[in-house]
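This report describes selected parts of one protein model. Please look at the sequence and the structure before reading on.

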Amino acid sequence: IQGAKEVLELNEKNRKLAEFNQELQENMAAIQDRLTKCPITNLYNETFFWDYLNVTLGKTSTAALLLIRIDDMVELKIKYGMEASYEMLKNLAYLLNNIKTDTQQIFKLNDPIIACCISDVTKAEAVQIAENIRKSVSESELFIKKITVSIGVLQFQEISDRIQVSSEFID
């Protein structure tokens, strides 16, 4: 009976320890999310973006970067307020998440700019994706009023070429 009681006590301690471990893992995941994601859009933040970019640039030159900015954001903030501007960013993130493919990763940068990294894409394909995004935003009913976005497109090969040219001047 004493041995059975000890086994039950150990099982109970093991169960409690497993619950505690699960709770710690959930808390760590929540903390990780808060450190790597924008609280407004729930997109990965700029710090995460730079880490991602460093890894991606080292692996491929057939990727592209889109930098997306809502046109006239300052005027929209003045006219509709800060909360409305946050809502526009949330809605833009929502729209982008719904039209992106598996080869695209979206980030919220400071300023407010949204970056979209696209893997395995030509410059012409990246320009077409940017045009599709621009058109989707301008036709969307998600925003407080019709808005437009400006999108810069850069292929990683262009960055690599510039880095190589710059390093030639240093030597």
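Two strands pair if DSSP finds at least two bridges between them. Helices (H or I, at least four residues) and strands (E, at least two) are DSSP runs, numbered from the N terminus. In the hairpin of β2 and β3, three residues lie between the strands, and Asp111 takes a positive phi near 115°. The two strands, β2 and β3, pair in the antiparallel sense over six bridges. Phe107 has Ala115 in β3 as its bridge partner.

The model is predicted: local features need pLDDT of at least 70, side-chain atom pairs count only at pLDDT 80 or more, and totals for chains, interfaces and linings use all residues. Residues are numbered from 1 along each chain as its sequence is written, and side-chain values use heavy atoms, with hydrogens and water left out.

Buried means under 20% relative accessible area, exposed over 50%, and partly exposed in between (1.4 Å probe, protein chains only). Five of the six residues of β2 (residues 104-109) are buried, so this strand is largely enclosed by the rest of the structure.

A nonpolar core is a set of buried Ala, Val, Leu, Ile, Met, Phe, Trp, Tyr and Cys residues joined through side-chain atoms within 4.5 Å. Two such cores are listed here.

| Core | Size | Residues, among them |
|---|---|---|
| Largest nonpolar core | 25 residues | Leu66, Ile68, Ile70, Leu92 and Val137 |
| Another core, apart from it | ten residues | Phe49, Leu53, Phe107 and Leu109 |

Thr41 sits in the loop between α1 (2-36) and α2 (46-59). Thr41 is buried, with a relative accessible area of 10%.
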